[in-house]
Amino acid sequence: SITFPLDPEVVDEFSKLVENIVVVEEKGPIIEDQIKTILTDLVQDGKIKKEPSVWGKIFPKDADGFPEESGLTPSMVIERLGGLILEIGDPCAKYDEKKIHSELDLLTEIKAYGVLVPPRSPGFCAGCPHRETLSTVHSMRDQPEHKDIFAHGDIGCYSMSFLPPFGEMHNLTAMSLGGAAGSGMDPFVTNKQYALMGDSTFFWRGMTAISNSIKEGQDILYIILENKNTAMTGHQPTPESGHNIMGDKTTAQDIESIVRAMGQDQIYVRKMPPSNREKYMKELDKAFSMPGTKVVIADKECGITFHKRKRAERNKIIDKQGYIPRETFINISQEVCENCRECTKNTGCPGLTIIDTDYGEKIGIDQSTCVSDTYCTKIMACPSFEKVIVTRSKPPIPRVKKISLDNIPAPTRHEFSDTWSAFISGVGGMGVGVLSSTLARAGTKEGYTVKFNDKKGLAIRNGAVSAHINYAKGSAKISTIVPNGKADLLLGLDMLEAERSLVYASRARTTAVVNSSVIPTIPMLAGMMNYPADVEDNIRKHTNSDEYLSGRIGEISELFYGNKLFTNIILLGMAFQRGLIPVSEKNLLEAIMETVSPSQRARNAEAFELGRKFAAEPEYLEFKNIVADNKILRLFGAKESYIELLARKSDTIAHSYWMWWKGEHTAEEYRTMVEYTVAKMNLDEETNRNLARRVYDMIMWGGLDYARKYVDRVLEVFAVDQPEKNYAATKAAILNLAKVSLIKDEIYTPLLLTDDEKLERDKVRYNIDEENGDRITYEHINRPEFEVFGRQLRFNLPQWLAHNWLMNIFKHAKFTRGILTRWGWHKKELGFRDWYSDQVIGFFLQTAPTNYELALRALRVINDPYRPNEFAVTGFREVIYPKMDKARKDFEQLIGSSPPLPEIPVLVS
Ligand code: SF4
Ligand code: SF4
C-alpha cells in the first residue's frame, strides 16, 4: 500500500527498477493517473529515458483492468493480476507460473457453476409497526381515488418499503429528503403525494421539509413513523426518548407538539397507532382527501424492542416456574386456507410460511418467528385465522426423547498448513454474527492471526447475511474476505443462502454443513416465485460431497428448545465434531460463552453438544429417532399410507356423534366406495390417498350422495383416460372436482375448524397433553356472510361468540343450506362448481379420445399452469370471484368459441 499524494522521488527510484508498474486500486484511477503524470514529467525532465508501462484500469490490448465500480475482492485481484502477469511475462518478475494457472483454473471452474439463486431481499420484522402503515396504504390503492398516489421516502428501516410485497416508495432519497422530493414535484403534478419519515429523521432534518411544505402550501401528507427508536442503526434514543445515550433523563421533545406549532394549528395533524387497520385506513383516507400539508403520526414502538421485552418477561416466568400458564398464539387452519396469498401479499410478514399439505401448498405460521401481534388476521381475507389459547398448570411434557450427551468421542481435527477459511451464510436474525464472533474469538485463543468480516445493515432484517472468517498461521497472509473457492468450511444456516455462497466453495477444499429447513423469501411467500428444487443438490455438487452434512436443524432446534434460535450453535457443534473447525473444544466453548448472553449460556452449551451428537451419530438427524411420540412426525411432513388414512377416516365417520345412528353405516359406505374405486382404477398410492381423503370431505360437505356423484364423475374421466399419459386427467379430476365442490361456506368452514384431524394436529403442534393439565381453546377470526332476499349480510363474529361451541352449532345447520341457497347464498361458487362438473369435465369426456392434450389443458383451467397440482382459482369471495371469471374466459378461449388461448409459455430458468 502507498500514501496519497505520491512522492515523485519514490516513483522516480521505483521506475528505474521495473519495466511494468501495476496499480491495484479501488474505484477511479487516482494513484494510477498520478504515477503516469509523474513518469511523463520524469521523461520530459530527462531523469529517466523510458517510462515503464503502467497497468491499472486498462490492461494490454485494451483489455479491462481493475474495475472502477464496486470494490475489489481477493479473487478479483488474483484473476486480473494473474492474467496480467502471464500476459506481459515481465522477465524481472519472479513468479510461479504453475501456481498462477492453478488459481486461474479454480476461478474459471467457479464461474462455470452457473447457479442462479432467487434473491432474498430484506423485509420488515415480524411485529414491525411500519408494516401496518405500508399494508394499509398499499391496500388503499385498490380504490380509484388512491391508485396514483406518489410515495416518497428516504433512509431508515422504512426504506424497505420499495421492496416486495409493498413497492410503496417511488423514490428513495438521502435521509430526510423524501419530503423535499415531494416539494420539488408538487408544482408539476396533480397526484396526491405522501412522504414516509422516521422519527429520528424528523429530528435530523425532516422537520425543515415539513416546515417548507407548510410555507409553500404544498399538497402532501407526511406519515411520520414514530417507533420511539433509531431502529435501523441499533436502537439509539431519539430526542423524543427523554434520555440521552448514557441513559440519563433529558427533556423529551414531542413530535406532535412540534408539528402543531409549525402549522400554527392550521394544518391537519393526527397521532394514532396504526394497528387498528380499519380506523387507520379511514384516517389516511380523510387526510388524503384534504388539500394542503397534513401530518399523520403512526405511533407504535419498534417491534424489536417491544418483543425483546416481552420475550425477556416470558423467559423469566419459564425460569421461575418452568412454563407459561396462559399464552395466545395465532394459528392458520390449513384445512380452511385456500393458498390465495392475500395474507402474505398484504403483510410480507416472515412469521407466515409455506407449508406442504395433502391439499397442496398452504400458508402456515412459523412459530419461531411470529410474535402473535395479530396483524395478518386484520386483512380479513379468509376465515382461516384463529387465536389459540394454551393454558397449563405444569411444565409441558418434552416432545423429544432424552438423548445422552455423555461420552461423545473427541473429533479428529482436520489440520491446515497456512490458512483456514470459513464462510457462514444465513438469514437476518439467525445468528450469523454470533457464529463469526465465536469463531474469531476461538481462533485468537488458539493463537492464529484472525481476520473476519460480517455483512450487516438492512440485510439483518430477514435478508441474506454472511460472514467471512480467516485464520493464518505464522507469517501466512490473509484478507478479511474469503477468496473464491477457498472456504474450508461452508456453514449454511439457511440452504438457499448456502447455495448463494457457492462462489466461496470448491469441491477440492470445501465441506458444507447445512441447515436444510426451508426458509422462503418474501417474494416466494407472496407467490411471486417458487423455492427451487435443486438447492441441496447444487451445494453437494460444488463442495466435497463425501463429507457433506445436513439436517432440518431449524425444526430440530424448535423441537428441543421451542424455537429455531439454536440452529446456529447446533450447526457449529456438528462442524466441530466432524473436525472441520481447527480449534480445541475448550477454546470454542469459551468463545461461545463469551459471545452469547449470560442467561443463554447453559442452553447454548447444550445445543453445541447436541450438534456434536448429531454429527457423531447422524441417525439422530431423523425425526423418527428423536421425537417422543410418532404423532409429531406428521407435523414434519410424514405422510400416512392410503390404508392408514382410509381406516382413520372411517373411524372418524363411525364415531362422529353428530351423525347419530348413521355413523357406522356411513363409515361402511365410505370404505366400500373408496375401495371399489381404488380397485377399479388401480393407480398409485398417492392417487389412492388423494381419493380417500376427498371422498371423506365430500361426505362431510354434502353426505353420501354428494360423494357418490363425485366418484361417478371421476370414474367417467377415468374411463376415457389414457395409461400412456399416466392417467393425468383422472388425477386432475380427483383434485379439481373436489376443489370446486367443497365450497367453504358458513357450514363447511366451521366443520373444518372443528374437524378431529385438525384438533389433534393442533394438540401436537402446541404440545397439549390433557392428562398433564394442558388445555387448548380457540377464538376464530371470522366474518360470515349470508344472503337473504338478495341482500348481503356480512359481519365480524364478535369475540365472545367466536368459539368452537358456535362452530359446532353452525356445522350441524346443513339443513339451512338448501333454504339459503334458494335465496342466492354462494350462488357464484355453486355455479362455478356446476360449470366445472358439467361443462369442463363434459368437454374433456368428448374431446379426450381425439385431442387428449387440449382436453387435459381444459381440465386444468383452474390450476397453476406450471404446477398442475396447485390451484390458481383460490380465495374467498372478492378474492376468488375474478379468478373464477378468468377461468371461465380461459376455458371459452381454449375450446375455441372466442380467440384462441396462447400456448403456455416455456419458463426460462
Ligand atoms: S386463504 Fe389466503 S389469506 Fe387466508 S391464510 Fe390462506 S393464503 Fe392467507
Ligand atoms: S400474527 Fe401474523 S403478522 Fe403478526 S407476526 Fe405473526 S404471522 Fe406476522
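Biologist: Helices are DSSP runs of H or I with at least four residues, strands are runs of E with at least two, and both are numbered from the N terminus. Which of them each supply at least two residues of the lining of the second largest pocket?

Modeller: Bear in mind that this is a predicted model, where local features need pLDDT of at least 70 and side-chain atom pairs pLDDT 80 or more, while totals for chains, interfaces and linings use all residues. Residues count from 1 along each chain as written, chains are lettered from A and ligands numbered from 1 in written order, and side-chain values use heavy atoms, without hydrogens or water. The elements are α5 (129-140), α9 (277-289), α11 (342-347), α25 (748-753) and strand β21 (775-780).

Biologist: How much space lies in that second largest pocket?

Modeller: About 1,300 Å³, where a volume is the space filled by probe spheres set on the grid points, joined across faces, edges and corners. On a 1 Å grid over the protein atoms alone, a pocket is an open set with protein on both sides within 12 Å along at least five of seven lines; in a cavity a 1.4 Å probe fits but cannot get out; lining residues have an atom within 4 Å of a point.

Biologist: Which residues lie nearest the pocket's centre?

Modeller: Of the 43 lining residues, those are K378, I379, M380, A381 and R783.

Biologist: And how many cavities of 30 Å³ or more are there?

Modeller: Nine of them. The largest cavity has about 260 Å³ of space and 19 lining residues, with E338, Y359, K362, K739 and K744 nearest its centre.

Biologist: Which element gives the most to that cavity's lining?

Modeller: α24, with three residues. Strands β13 (360-365) and β25 (867-871) are also among the elements supplying at least two residues each, along with α22 and α25.

Biologist: Let's stay on α24. Is A729 buried or exposed?

Modeller: A729, in helix α24 (residues 728-741), is buried because its relative accessibility is 0%; buried means under 20%, exposed over 50%, and partly exposed in between (1.4 Å probe, protein chains only).

Biologist: What is A729 in contact with?

Modeller: Leaving out neighbours within four places in sequence, A729 contacts V717, D721, F844, Y852, L856 and L859, contact being heavy atoms within 4.5 Å. L856 sits 127 residues away in sequence, yet the C-alpha atoms are 5.9 Å apart.

Biologist: What about R689, where does that lie?

Modeller: In helix α22 (residues 685-702). R689 is buried too, at 9% relative accessible area. Beyond four places in sequence, R689 touches D358, K639, E640, S641, Y642 and L645.

Biologist: Switching to strands: how accessible is K271?

Modeller: K271 is in β9 (residues 268-272) and counts as partly exposed because its relative accessibility is 23%. I255 is 16 residues off in sequence, with a C-alpha distance of 9.5 Å to K271.

Biologist: Why is α17 called largely enclosed?

Modeller: All eleven of the eleven residues of α17 (residues 567-577) are buried, so the rest of the structure largely encloses the helix. Among those buried residues are T567, N568, G573 and Q577. After α17 comes G579, with a positive phi near 75°.

Biologist: Last one, the ligands. Which residues come nearest ligand 1?

Modeller: C337, E338, C340, C343 and C382, out of 13 residues around ligand 1, near meaning a heavy atom within 4 Å. For ligand 2, also with 13 residues around it, the nearest are C349, C370, D373, T374 and C376.
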